[in-house]
Every structure is written in C-alpha cells, then in structure tokens.
Amino acid sequence: MQGFMTRETLLKWAPVLVLIFLLLVFPIFEMTNAWAKGKEHIYLLDSRFLSIRNLARIAISATPALMVALGVTFIILMGSIDLSMEGTVSVTAVGFAYAFLWLGGTLASWAWLAIPLALLIGAAIGLINGIVHVKLRIPSFMASLAMGFVGTGFALLLTGGDRVRVEDPLFRALLTVRWMNFPIMVYVAAAFLLLMWFIQTRTKLGRNFYAVGGGEELAAASGLNVNRVRILGFMLAGICYGMGGLMAVGKIGIAETVTGANFMFISITAVVVGGTALWGGIGGVLNTLVGVLIVFVINNGMVVIGLPSYIQSAVLGILVIVAVVLSTDRRSVSFVK
Amino acid sequence: MYELINVDKRFPGVHALKAVDFKVNRGEIVGLVGENGAGKSTLMKVIYGSYQPDGGDITIDGTKVRFQNPRQAMDHGIGMVFQEQSLITNLTVMENIFLGFEQQFVSFGVINWRKMADAARAQLAKVKLDIDPSTKTSQLSFAQRQLVELAKVLTLEERIDGDLVILLDEPTSVLASEEVELLFQIVRDLTSRASFIFVSHRMEEVLELSDRIYVMKDGEVVDVVEHDKADKESIQHKMVGREVDKEYYREQKQKPYDGDRVLLSVDGLGFAGRFADVSFDLHAGEVLCLVGTEGSGREAILRTVFGIDRPDTGSVTVKDQKITRFSAQNGVTMGIGYLPRERKVEGIVAGMNVYENMTLSQMGNYASAGILRIGEERALAEDQVARLSIKTPDIFKDCGGLSGGNQQKVVLAKWRSGGSEILLMDHPTRGLDIGAKEDVYDMIREMSDEGVGIILVADTLEEAIGLSHNIIVLKDGEVQKRFTGAPGSKPSLYDLVHHMI
Amino acid sequence: MNMERIKPHLPWLTLVLLVALVGIANPTFLNPAGLIVLASDVVPLFIMALGMTFAIYIGGIDLSVQQLANLVTVIATVFLMSFGIWVAVLCILAGALFGAVSGFVTTRLYVPSFVSTLALGFVALSGAKWLSGQRALHMDAEQRDATFGWVFERTLGIPNELLIAAGLLAACWFLQSRTTFGRSLKAVGAGELAAVASGLNVDRIKILAFALCGALAAISGLIFSVKLSGGDANLANGFLLLAIVAVLVGGTPLTGGVGGVLNTAIGTLIVMVIRAAMVYLEVDATQQQMIFGIVLIIAIALTIDRSKLKIVK
C-alpha cells in the first residue's frame, strides 16, 4: 500500500511546490525583463518581487484573507461549505467599529472590549448559520449563501451605507508599528494560525472535523454527535471571520458594508488550492496558509511583472477548478450535481 | 452466558426470525451459516442492537436485557466487526480505535496524544499487530485494517465489566488465505478474552474455526452442530432441503428456447475485484440465471453487460455486434433492458408519472424533431396498464406512489414496449407480495414465448431453479458450475448450494 | 389536507395573499398602469430567473449568472456600434457557450456546480473588466434607439419588454413540458440514477441545461444593458440573490425535479410584490437584501425534498 510517489503524497506536496515555483518564476520574469533592457549584472537579490518590502506587502494583504480562510478550512474539512463569510466579516467589522467608538474610541479605554465583542458576534452568526444548516436540514452551501446575504444586508442596515472610521493610533499600530519590517498584524495572524493549528491537531473538536469529513455515517455509528460538531464548526468559522473583520479594519482603518466583499471567493480558492479536498477529510490549516500565499503571490507578482490586476480573478477561477479536479478521486464519486 | 430465547422478528410481509434460540458460552466460537435470506443478517442485527425483537428474550448470564441501539449493546459487551470496512481512512489508527470514546484522553478539550497512543498500543498488542498507532489508516493493508477493527471492538474489555461477545461478519472476504490463517490464530487466542460469533459464506472456514455451528433456513435455526460432528455435506443439505412448488414458478409454461438464435454472447468478461473470465451465450427465449452469494459478482456482471460498468477484459457481443462503447445509453440502443435491484432509485423516477416513466428509455419513438407526441405516450400507457393489469388510478399518477409490484410492472412495460429483446433482471421480485411475484413470473414466461432473452439474478434459489433454462453458479467472481434446467430435470437446491459456498 | 397536498399551491396562494395585503394597505397599488410598470421593471430579473430554473430543475445551481450578465452588458455596449442588431446574437451565443463550459466542468470534470459556476463567474468578471477597461461604458443614444428602441415601445398598451418576457416564458414552457429535452431534464432532476439506467445521455442533458441558463442570463444582461444604456462589470450585481429567491419561492426546490418555469414566473411576481410593498411600507432600501435573504432561507426550508438528501452536507 505504501509507495514513494503515491497520489496521496503528490497531492500533499503539490501546493508547496506550486508556491515555490511561483516564488521563483516572478523574479525570473523580472530578470529576463531587465536583461532584455540591456542590464548587465543581474542578481536575484535585486528582485523587486523578493524584496523585504514587497514580501511585507504580500503578508499584509494576505492577513485578513488568511483569517477568513482558516475558518472555512474547518467547514470544508467536514465536507460542507460556508459561503457566508462576506456578510459575517462586514457585520463583525461594522459592529466592532461602532462598539469601539461608543466605548471610548481608543484601546487605552474600555473600548478594547469591542475586540472580544466582534469575535462573539462572529460566533453568534456562525451559530445561527449552523443551526439553520443542521436543524432545518438545508445543504450548507445554500444555507450559508443565504446567511451571507442576510449578513451583508444587516451590515448595510447598521451603516446605512456610511463608512465608519477607526482612527485610534493604538489600534492602527497593528499596521503602523513594525518589528523586523513586518507590521504587528502579521504576527497576530501568525499567532492566530498557531492557535487554529493547535485546535486542529490537539483538540477533540479539531479531530472530530476529520472524522466527520472522512466518514460521516461511520463517525455517527461510533457514537459521535455529528450535528454538534457541525454547529461548533460553523461557530469556530464565525470567530475566524470575526478575526478577519478586525484585521480588515486594522489594515485600512475603515469599517463599511463592503469590508467583506471578495472574501468569499478568495478564501475558498485559497483553501482548495492549498490542498484541502472539497469532499472533506483531507488537508488542514497549514495547507490553507500555503493556499493563501499562493493566491496573494500570484496577485502581487502579476502587478510586479506588469500584468493588469483584473486577470487575477480569471486565474484564480481556473486554479480552483484545476485544484478540485486534481483532488477528486473519480472512482469514488457516482455523480455530481 | 449470552442467550437468545424464542426470539421473533417480523417485517411487513416477512417473518424474518421464527422463535430462534441461540446461545454463546464463554470463550466459545460459534459459527452461523445459511443461504441468502435465511435470516442471518436479521439475527446479527438483533444481537448487536440494531433491531429490537418483537418477541422472546435476550439474556446475559440469566439477566434479561433489551438494547435500543448498538451503543447500548456495546455497553453490555456486544461488539461488531463489520463486513464493510468501517474505519475512517483519513484518521490515524488510534483515533479510529477510540472514535467516539476519546473523552478519557481529553482534558479541557485537548487530547493527550501520548496517552492515547499508549492505550492504542495495548489494544493492538491484543491482536498482535505491531504498527505505530499514529499511522494513517489509509496506509494499512486490508488485513491490517481488519485487525484494527478487531482491536477497536476489544476496547470494550476495558470499558465494561462483563464478558465480551464479538460478531465477525464475513471477516475473510477481502483477505488472502495466509491472512485468513493469521486472523483465525488471533481469534483462537482471543477466546480467553471474548466469545465470537463467526458469520461467513465460506463453509470450510466456518467448519475450521467454530466450536458449534448454527444452521439457519427461512428464519429458523434448523440445526446446531458440534465441531467434531460437523460435516459440510450434511450442513448444506440442512440449509436447503425443501420441495420446490412447480406450479408457483410456472414450470408448466416453460418451453425450450431457440438454440440457434444467439442474442448475446459474453466472452472472457472480467472486472478487477468483482468477477473474472465469465463467458456465456444467451439465446432467444432463454432464461439464464446467475446464482451465487452476495458479492459473488452476479449483479456486477449484469451491470457490465448493460454498460453501466466498464469491463477490464473480455467482450460482449449483442446480435453479432461487438460492443465497443460501454454505456447505459449504448446498451439501450442495442436493445438491452435492465431491471435494477434498487427499483425506487434506478428503476422508476419517483416524481414522474406512469406514462412519462414508460417512455423514458424510448422518447425518440414518441417524438418528432424533439417534440413529444404526448397523446401517443398516453395511449401506450393506457394500453400497458390494461395489459399488465397495473393498479393505478390513472396514468397521471406519480410512480413513486405506486406499490412495489406495480412499479416493477411499469419498468417492465418500459423495456418491453421499447422493443428490448434482452432483459437483465436484478432481483425482480424483491420486496413484492406473493400475488405480485406470481405476476412477474407470468410475465417472464410470456416474454420467453415472445423470444426475449432474460438474464436473471433471482431473489431466492428456488426462484432461480424454477424459472431458469440454464444456471451459472458463481463464487467469489468466478464461474463454478453450469446447470441446465429443463422442467423435470432441474438441479436441486443442494446441487447449487454445494458450489456456492 | 396535509402539507404535501398544499405545497404545490403555496406559491400562487402566497402571491394572491401578498397582492391582497398590499392592495388593502394601499389601493393605488392595484392600478393596472402601475402594475405594468412594476412588471416591466422586473423583466431582466425574470429572464435570469428563467434560466436559473433550468439549472436548479436538474438539481444543480448556477452562481455565475450575475457575472455573466455583467459581462454581457459590456459586450453589448462595446459591440453595439459595429454589430447593430446582431449584437444580440453575439451576446446570446456567448452566454450559451459560457453556460456550456460550466456544464462541462460540472459533469465531465466532476466539480460540483456551485464551485464550478462560482469559479467561472470570476472568469467572466475578469473578461468584463478587461473588455470594459474597468470603466462604466455608455451606449451611443442614437444607435441604441435605432437598434433597440422598439423594446420600450408598446403594443396594444403593453410594453414590448413584457411581451418578450412572455414569449420567452412560453418558449421555455414548451421546451420544458412538450419536448424530449424537457422530459429528460425532469428525469435528471427527479432521479438521476434512473435516468442513467434508462439510457439517457445525462451529461449532455446537463450541459445543455447550463447552456440554456447561460443564454437566458445573457438575454437578461442584454435587456438590462439596453435599459440602462450602458455596460459595466458591476451593473447587474444584486441579481443573483433575487434570481435564486424567485426560483425557490416559486416552488422549484433546490433538490430539483419539481416545479418549473411557470413557478418561476409566479416567484418573480412574488419578489416584485415584496419589493413594491417595501416601498409602500417605507421600508428602507438598505433592508431589502436582508429581508430577501431571510425569505430565501424560509423558501428553501419549505420547498426542499429532504428524502433526496441522505446526508446533508
């Protein structure tokens, strides 16, 4: 049963190889461009793409999406899907901003309470999402899509279309203060990733996600309360979306209805491209990190080598399909709707 | 120690268990044999708590117990090793062993992996499996997985106080012979810890392993044989031994088939893991039965001939035309019809009415330039409903709401009116009441008279014998023996069972 | 009377009830002239929902229709000058081709339709941005009126727009209930495995259904573009939710096989009345999306056939 280059091992490492390939291909593009222009000495270190400044830029832009993608990772691990992130991110971001301003407007006051509040709001939306999906027995893609619409609508209701500015320098330190060239928010994201990794590998809940994704009926027959695991999964995802909302506000200092826009596609792309199978049971948060990096390296690299940014969504769209096709074991699927 | 007394179980239309007495002593290995439909699986489900008996008692050490679900049975020491692999392959071995019972290793939601690994190692030692408990299950061989399943069941030893009874359901079906030997050795060693109930269609294995063998037939225990006195032939006689009612299967209507007209010819057909090197010819007016136990490859052969599955080797020739493209669509074009076992899923479309179902495979005959001639469809349906006496208020009734027998008639009408000359029938009488069964038998005879060739996988052996001109006995995907069955010289049940198991 | 018996009648009962309620609260709502204006307003949405019906009828979904319509508004605007009326053919062909690709990816590559169409929607978005140069484009007013002005004229007092919608509805109804293709769609939606075992070419049927959905989305985009006299990569945003709501509220469940295009007509009217009611009741425009999201959840919960879902993922 064990082989060196089995399908499983190949799939496991493919995303990393793709990332490494991308990290090399963009500098090479740059170098050939430079060479074409007649530059004589070409060093890899001259690459604008590989400069610390640019890498920090990639890290910053990837941070909110990573938070969101971590959340949806757990859902996809269970073989479900969550399309509610755009609404949830917007609601948590707007909710946070209003609470933050109302409680004093600076982290040095009671306004810090707005942070756990935002995560709570995320968990609450996830709870509703999970209950609608599990108790009303509605397929998750539809339940969560509808919840996403409700969320965006609710955010719009809260703001009335206005932008809410969060200008507290202490909070904005997330972006403005840098350690070793990277802003604090990157370290916060790294810490959160570690926490999620811990949940995935060390806790009962985390392992139960794999059991549900690997064989829901078998897991239920072994006495696992699958419905509870599902609802908890959606709550955990909601908390991650809350983190995503906080990071998005931290990044631009504004909370509005469209704060959550585009997160749906980017996060699902990242998860699937990272190697977490849409059918559940395989993959995890580290895959998602790789996936998010792939998405944002492509995004950034295309700009660096001078390609228009609008191609990005087409590239990602095709990438998703390729990733799903590669991770599908066709013998095990009878038909697909 | 563990005992069933006078246990009864009924399903609508079926008396599945009739006053069954069953006993397992401490440290004993009890064999359970019987042909398909004899009640083995119902009995097993009663034992491990998936079914609740309608009458009789279950006792453990003389105390009456009643299980509402498998979990409660587990709490009383009844464990089950399933025939189908029931491990979750993307989890590690230890996670599978303790799935649903992780709580003992968890504090504040965090799992202590080291503690779980140690505990898992202790379980694996019981089945003499020396693997790292953190191996992913997908990387194990089937034999290893079987042992892990056994180890998983053996965790009951620590969890409960009383004795263990472990059911082994066809545990050897995916194993090679030396692996079977290993498994048996381990099971024998484990009798110091638990009692076993061993269910298999491989008679030799049951004889070798069991201390006592229960023989079931028609929901009854017909004999209990001690290991020393067990003899394959006599057990097989007891499993069958029943007179076939000739009238019932319309034997008087059976006519010789046309040996000159070959409708379908199968040559060296093989499908990895299902069946290998199967060859036969089907003639006009012939009923050919494929006989074997569950998983012997009968159904898979039908599906391959129809085109739903693609063979790895061999060829299928329909009316002198070799099939190159295997698809259901092509099968239908070649004039093959298929009555699937899963009537409600593959046979009829629930949600479509009677006439829509009847023309589903032949819409082209009732349409011009893609536009349906619905009037003609309805006329066809009215005609078929009258001819096959299909009981439906009208032809606009949703087929999902018809009774099983009438659904089956609709499916038959679909293929017959479409002109299929070859019919593949998978359990055509499954779940039908007696009247509906007789209707199906009549229809089979009528179709034979009209020159239709039929390949049948029958619901019971009697049915196979009663209906067929020719019988092919299969075991583990290979052809064992062929019988001819002209009225008056039909093979006996024993003849077939002898080659089946 | 049990629930199963009432279920098929729920959509039109809901519609009548809603109309009555709004009519009582505000009798001017029932003014025919006003109703006709309201109805013409939802024509693009209706046509998109009509297409979506086919995707949902076979048990799938098409999440790309909104982006596809966006792309078509750009195509229509860019090529109106050079193609004249033929731009309509171009748009419809582009839509059908695009839908066929979705169908192909879903059936042949085994990618579930909600992912394949989501992904391809973003390919369409790229296309729209590229073609429009990421700007909002405007049609040449004279050219528009010369080519498509007739759309907004009236025949016997009824806007031609409504007549187009009615014509498409009739065509789709005919296709659905009178042709082998329509019958096959029903079989695939109600019992895919039985359809396969009856020898239907299920893959081709599904691809055609998605192509039809794409073509109708393109017509919807075209009419919308002509209506607003321009094209933009975001013009049709907001249609997706309403189109799904219209189909589901009309009584075509997510599990497929039941309902159909007439149901979608009723569903679209329900959406129209709810929207009108919100205006009359002075419900803020910002709350509409939330309310429709909740309506969507209720509609799915009521219509979905749970016996078809062994495990709900």
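A salt bridge here is a side-chain nitrogen of Lys or Arg within 4 Å of a carboxyl oxygen of Asp or Glu. The model is predicted. Across all chains, the whole structure holds 39 salt bridges.

**View 1. Glu28(B) and Arg212(B) form a salt bridge.** The N to O distance is 2.7 Å. Glu28(B) sits in the loop between strand E2 (14-24) and strand E3 (29-33), and Arg212(B) in strand E11 (residues 212-217), so the pair ties together parts 184 residues apart in sequence. Both Glu28(B) and Arg212(B) are buried.

**View 2. Glu157(B) pairs with Arg193(B) in a salt bridge.** Here N to O is 3.1 Å. Glu157(B) belongs to helix H6 (residues 156-159), whereas Arg193(B) lies in the loop between helix H7 (177-190) and strand E10 (194-199); the pair therefore ties together parts 36 residues apart in sequence. Glu157(B) is partly exposed, at 24% relative accessible area. Arg193(B) is also partly exposed, at 37%.

**View 3. A salt bridge joins Arg274(B) and Asp309(B).** N to O is 3.8 Å. Arg274(B) lies in the loop between strand E13 (258-271) and E14, and Asp309(B) in the loop between helix H10 (298-306) and strand E16 (313-318), so parts 35 residues apart in sequence are tied together. Arg274(B) is partly exposed, with a relative accessible area of 42%. Asp309(B) counts as buried at 18%, because the cut-off for buried is under 20%.

**View 4. A patch of negative charge gathers on the surface.** Its members are Asp267(B), Asp277(B), Asp281(B) and Glu478(B). Asp277(B) is part of strand E14 (residues 275-284). Asp277(B) is exposed, at 56% relative accessible area.

Conventions: Residues are numbered from 1 along each chain as its sequence is written. Chains are lettered from A and ligands numbered from 1 in the order in which they are written. This is a predicted model: local features need pLDDT of at least 70, side-chain atom pairs count only at pLDDT 80 or more; totals for chains, interfaces and linings use all residues. Side-chain values use heavy atoms; hydrogens and water are left out. Patches are made of residues with over 30% relative accessible area and no salt bridge: like charges are joined within 9 Å, nonpolar side chains (Val, Leu, Ile, Met, Phe, Trp, Tyr) within 5 Å. Accessible areas come from the Shrake-Rupley method with a 1.4 Å probe; for residues, only the protein chains shown count as cover. Lys and Arg count as positive and Asp and Glu as negative; His and the chain ends are not counted. The place of a charge is taken as NZ of Lys, CZ of Arg, CG of Asp or CD of Glu. Helices (H or I, at least four residues) and strands (E, at least two) are DSSP runs, numbered from the N terminus. Buried means under 20% relative accessible area, exposed over 50%, partly exposed in between (1.4 Å probe, protein chains only).
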